Structure formats: C-alpha cells, structure tokens
Amino acid sequence: MVSLRRDMARVLDGLSLVAKEGISRCNTVPLETAIKAAVLSVSDVVGLTKGKLRQIDNDVHRHTVTGSVIFFKDHVPASNSHPPPTPGADATVLLNIGSSMDPDSQTSVDVYPPPDAFSTSNATIVDGAVIPETSVDVCLQSATPSTSNTTAVNGVITPLKQRRLRERKVPSTPFSRAMGFAGLGAGLAWGTLQESTKRVLFGTPNSENNQHALSPYLSERNSERLALALCRMRGAALKLGQMLSIQDESLVPAPILAALDIVRQGADRMPRNQLNQVLDAELGSNWSSNLTSFDYEPMAAASIGQVHRAVTKEGLEVAIKIQYPGVADSIESDIDNVKLLLTYTNLLPEKMYLDNAMKVAKEELSRECDYELEATNQKRFRSLLTNTKGFYVPFVVDNISSKRVLSTELVPGIPIDKVALLSQETRNYVGKKLLELTLMELFVFRFMQTDPNWSNFLYDEAEKSINLIDFGAARDYPKHFVDDYIRMVLACANNDREAVIEMSRRLGFLTGTESDIMLEAHVQAGFVVGLPFSKRGGYDFGSTNITQSISNLGATMLRHRLTPPPEEAYSLHRKLSGAFLACIKLRAVVPCREILLQVSENYQFAQEASAKILSTTSI
C-alpha cells in the first residue's frame with residue numbers, strides 16, 4: 001500500500017506540472033473555452049471520443065471528384081483512364097512528361113512510399129536482437145494482414161497490434177497542446193490507479209528478471225494510452241515516441257516498445273478543412289491553379305506532416321509534404337511536457353542524460369520543421385551526388401513550396417526493407433551502396449542525411465539506383481570532429497585499444513576517469529562495431545550478432561558512464577546504426593574494409609593535408 005501511494009504521488013506530481021504548463025499558457029483564453037478544451041482533451045485521451053472517419057467534400061462547383069482525387073478547373077480524366085490508386089493497392093502510374101521537364105525525370109513512378117511499404121520493416125526484436133528503425137512515415141495499412149507485421153519477443157513471433165487510423169484535427173495552439181498532455185497525464189494516473197488496485201487484490205504478475213514489469217505505470221492499457229495520445233498530438237511528441245520506438249529493452253521498457261509499434265504505423269490525419277487552411281496560408285488561396293489534380297488521401301502521415309500526391313499543370317507527378325499547423329511553434333513546450341511525464345513516471349534510466357537528449361531533439365526538430373531549409377538540403381545533396389553512379393535525388397518544385405509546404409519530384413522505387421525479397425546479388429549491391437553513401441556523407445561531404453528510415457531510400461531495380469528522399473534531418477559535421485572520428489573508426493577496425501580510448505576522450509565519449517568496467521565495455525563495443533571493417537573480403541551481415549552484442553554492452557555502459565555522448569553523436573550514430581541494420585535486414589555480403597580503405601586513403605586532415613591515416617600495408 002505504501003508503494004501504491006508513492007506511485008500515485010509521483011504520477012500526480014507529473015500531472016500537476018503539466019497542468020501548470022497549460023494554465024501558464026492560457027491567460028488569454030476565455031474560461032469557457034479552456035474548460036471545454038480540457039474536457040475534450042481528457043475524454044479523447046481516455047477513449048471516450050474516437051475521432052471520425054474520413055468524409056469527402058464533394059464541392060462540384062470548384063472541381064471534379066474521383067474517389068479522393070480532386071481534378072481542378074473541370075479537368076476530368078478520360079473515361080479509359082486508370083482510376084487513382086487506393087490505400088493498400090500496389091499501383092504504377094505512367095506519366096507523360098513534356099520536354100520542359102527535368103531531363104532526369106522518371107517516366108514510370110511507383111506510389112511513394114508504396115502503400116504496402118510498412119511491412120517487413122515493421123518488426124521489433126526484444127531482448128537484445130534487431131530493432132530496426134522502420135518507416136515512420138507510412139500510415140496506409142495493407143488490405144490483408146502480413147506475416148511481416150510482427151513482433152518477436154524471446155524468439156516467439158506474434159502479430160503487431162494494428163490501429164484503424166482516424167481523421168482528427170491537429171491541436172495547433174499552445175493551450176490545446178498543453179491540455180492534450182494534461183489529458184494524457186490524467187489518463188496515465190487513472191490507469192496506474194487501476195493497475196495498482198488490481199495488483200493489491202490479485203498480486204503482481206511474474207516479471208522473469210524484467211524489472212519493468214514491477215511498475216504499475218507500464219500496464220498494457222497505459223502503454224496504449226501513451227501511443228494513441230502521441231498519434232493524436234503529432235509534432236515533437238510523436239517524433240520522440242518514434243525515436244524511442246527503435247531502442248531495445250535495455251533503454252525502453254518492453255510494454256512501451258510494444259505500444260510504440262502502434263506509433264510507427266503513422267499519425268492520425270488532418271481533416272480536409274484544416275489541410276486546406278494550411279495550403280491557403282502557405283501557398284495562397286489559388287494554390288490549386290498550379291495543379292491539375294490533388295489527392296486528399298495522404299500517401300503518408302508522419303510526426304511533423306503528411307504527404308499527398310498531385311500532378312502539376314505541366315504533367316509532372318509530385319509529392320507534396322504539408323506540415324501540421326502549430327507543430328513548429330510547439331516544439332519546445334511539447335518536449336518539455338514529454339520530459340515531465342518521462343521524469344515523473346521514471347520510465348527511462350537515469351544515465352540516458354535526458355536533458356542532453358531533449359536539447360538535441362529540440363534543435364533537430366526545429367531544423368526538420370523548416371521546409372525551406374530542407375529544400376536547400378535536398379538541392380545540395382542533388383548537386384553532391386549528380387555524378388555518383390547508383391544514386392538519384394529528386395528535384396524540388398519551388399513554385400509549390402514554402403516554409404511549411406515542400407513539393408518534390410515523385411520518384412519510383414521500393415523501400416530498402418523490400419529489397420530483402422530480391423536476389424542475393426541485388427541485396428549485396430544495395431547494401432554496398434548504402435554503406436558507401438554513409439561513409440561518403442561523413443568523411444567526404446561532412447554533410448549527412450541522418451534519418452535512416454528505410455522508406456527514405458527507394459531502390460529502382462530497372463535503373464539499379466537508390467532514389468533518396470526526405471532531407472529535413474540533414475546536417476553538417478565540423479572538420480575537427482570528423483578528423484578524430486575517422487581515426488576512431490580505424491582504431492576500432494584494427495582492434496587498437498589505446499587508440500580507441502584516446503579518440504573517445506578527444507571526441508567526448510569518455511572523461512578519462514571512468515571505471516575499468518566502463519572502459520572495457522566501451523572498448524569492446526567499439527571492436528564489435530569495427531568488426532565488419534576488420535578484414536578484407538565480404539562481411540556477411542546475415543550471420544552477425546552485432547546488435548545483440550551492442551545491446552548487452554550498452555546496458556553496462558548505461559549503468560557506468562560518467563558523461564553524455566557529444567552532441568554530434570546523437571544524429572550520427574542514428575544514421576550509422578541504420579546503415580548496419582539495413583545491411584542486416586538485407587542479409588547482404590559487403591566488402592566493408594575495402595570501402596573504408598578507399599575513403600581513408602583519400603582523407604586529408606585539417607592540420608596535415610599531405611598525411612595519410614595509415615599506410616596501405618598497415619590497414
């Protein structure tokens with residue numbers, strides 16, 4: 001009973017802090033409006049309201065409707081035209097691109113991302129095995145269940161829970177978002193009370209060495225409340241949930257991981273009137289004058305925005321990414337509120353250095369919400385990779401883009417996880433190209449797209465090329481950091497213990513006063529990551545146990561480390577682990593050491609331009 005009172009006090013403390021945040025932001029909101037918003041937020045989170053299914057507005061005076069596709073200014077498709085693709089249907093749309101279009105444009109375009117892209121990537125292995133970062137952008141569910149939509153826990157495959165995605169208005173004001181978090185806190189408090197009462201009456205369930213099962217916060221119902229609330233809130237809150245969903249059980253409790261699998265299926269969608277308001281505000285009320293058609297059914301609904309298919313007046317098929325209203329302005333408050341809930345429910349280990357992680361998350365999300373910056377990043381990558389065989393970056397359509405709307409050429413391809421179904425030769429080729437790109441971004445460009453979601457890499461089998469999309473998370477890395485990092489990578493590849501420790505201290509991973517246990521775990525983790533680069537010839541990622549080894553060592557480092565990783569490491573290691581996980585998913589055989597050698601031999605340090613890292617014989 002004492003434990004119950006302590007648990008409830010902690011949850012209510014967190015709830016009160018979130019509520020205070022809401023009150024501090026509602027000074028200008030009428031009391032009646034505030035009460036109504038609070039009641040709606042709480043009732044929605046606890047499940048009394050469920051949102052509504054999509055309803056199509058048939059305004060025939062302005063346009064013609066075919067399914068969810070709007071044809072503007074009496075542009076009606078010919079009677080023998082193929083109907084627009086529907087959710088869950090595989091479709092290829094042939095385009096008639098005029099001579100005025102970019103010469104690199106494709107004439108056969110698959111749905112981007114393919115409607116069934118959320119399949120084999122949607123798998124989580126708990127207890128130390130692979131937990132790939134999957135397509136968090138894809139929100140369309142397959143018409144039939146897939147065996148790939150599974151979770152493996154302790155080697156047992158079970159189907160993931162599927163949620164029926166709903167159309168809900170995005171909470172766009174600071175007050176409405178704060179009340180959403182207050183409602184979530186109330187729901188978690190109520191769920192904790194229910195679970196604690198049940199345990200008092202019927203006993204605590206067996207944990208089998210799982211300390212998280214001892215907490216009444218982590219009931220299945222509470223985990224689902226958390227996931228569904230994040231899907232409704234969207235913005236930074238959902239983005240953080242998606243980031244957490246790719247961790248393993250040493251960092252995030254298993255019940256939360258299971259619930260966050262729901263989050264990875266995508267966010268709820270904006271109602272049409274709210275979508276039109278964003279388009280009108282960003283592109284002007286005549287935005288449709290640039291288009292012949294626009295599909296109101298989103299191809300993807302993610303944390304920051306949703307993607308729609310459209311066709312321009314020139315006949316170019318484009319992907320239009322539209323940001324949810326209010327998410328850019330609420331990043332800081334959203335993350336602060338998530339931090340309050342995580343802190344007062346004690347869901348994450350202390351040595352995660354939550355303050356540092358949240359600070360980095362705020363900076364990254366601020367960049368991702370600036371679509372003008374993303375357009376600049378995409379143009380920069382397109383220029384950098386123009387003459388690089390095997391990669392293609394679609395062009396930006398500037399006249400249908402703004403700070404909150406980004407339109408780009410629609411490109412063909414299947415997500416990287418679907419390449420796992422192709423031949424071994426193809427899987428080896430794609431794995432090799434992904435690793436080449438990752439090392440080239442870091443050690444040649446020092447400019448990296450750090451979001452490793454598999455649907456950001458679309459393989460076009462006909463062209464033997466990887467089409468690259470989504471550059472909101474791209475960033476530069478300082479020269480001095482990259483200089484020391486390549487030294488550390490080579491030290492890990494060569495099992496050079498002293499060099500690993502020295503470079504780790506220079507980079508900021510170690511302070512120099514760590515215990516022997518921490519040093520040993522850190523060095524061994526470096527050697528595990530360096531294993532694919534340790535010998536010439538193809539490294540078989542299909543037979544590796546890298547992720548299990550790193551998970552075990554990571555749990556030790558979480559208990560003993562004295563400092564958070566350097567700021568650059570958060571995004572960099574997300575991308576590097578994503579490249580490894582992709583190769584593991586593909587079961588690719590990749591000549592990793594040869595790729596690293598080619599990069600390192602041409603690398604020049606800032607202070608010693610003529611020096612090489614190591615001689616060819618020593619590496």
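In this predicted model, helix H13 (residues 479–493) and helix H18 (residues 592–601) have axes that come within 12 Å and cross at roughly 145°. The crossing in which H13 passes H18 is left-handed. On the H13 side, the residues that meet H18 are Ile486, Val489, Leu490 and Ala493; their counterparts in H18 are Arg593, Leu596 and Ser600.

Stepping back to the whole chain, 18 helices and 20 strands are found. Of its 619 residues, 57% are buried. The accessible surface comes to about 26,400 Å², and carbon and sulfur atoms account for 53% of that area.

A pair of aromatic rings is described by the distance of the centres and the angle of the planes. The structure holds 13 aromatic pairs. One of them, formed by Phe72 and Trp287, is edge-to-face, with 5.7 Å from centre to centre and 80° between the planes. This pair links distant parts of the chain, its two members being 215 residues apart. Phe72 belongs to strand S2 (residues 69–72), whereas Trp287 sits in the loop between helix H7 (272–283) and strand S8 (291–295). Phe72 and Trp287 are both buried.

A further pair involves Phe294 and Tyr296. Their ring centres are 5.0 Å apart and their planes stand at 75°, so this pair, too, is edge-to-face, because an angle over 60 degrees places a pair in that class. Phe294 has 0% relative accessibility and therefore counts as buried. Tyr296 has a relative accessible area of 4%, so Tyr296 is buried as well, given that the cut-off is under 20%. Taken together, Phe72, Trp287, Phe294 and Tyr296 make up one aromatic cluster.

Charged side chains come into the picture here too. Arg272 lies over the face of Tyr296, at 3.9 Å from the ring centre, which brings an arginine to a member of the aromatic cluster. Another arrangement of this kind involves Arg475, which lies over the face of Tyr477 at 4.5 Å from the ring centre.

Technical notes
Residues numbered from 1 in each chain as written. Predicted model: local features only at pLDDT ≥ 70, side-chain atom pairs only at ≥ 80, totals over all residues. Heavy atoms only, no water. Helix = DSSP H or I, 4+ residues; strand = E, 2+ residues; numbered from the N terminus. Buried < 20%, exposed > 50% of the residue type's maximum accessible area, 1.4 Å probe, protein only. Areas by Shrake-Rupley, 256 points an atom, 1.4 Å probe, with all protein chains shown as cover. Phe/Tyr/Trp six-rings, centres within 6.5 Å; stacked < 30°, edge-to-face > 60°. Lys NZ or Arg CZ within 6 Å of the ring centre and 35° of its normal. Axes fitted to C-alpha atoms, helices over the stretch in contact; angles between N-to-C directions. Left-handed = near helix turned anticlockwise from the far one by under 90°. Contact = heavy atoms within 4.5 Å.
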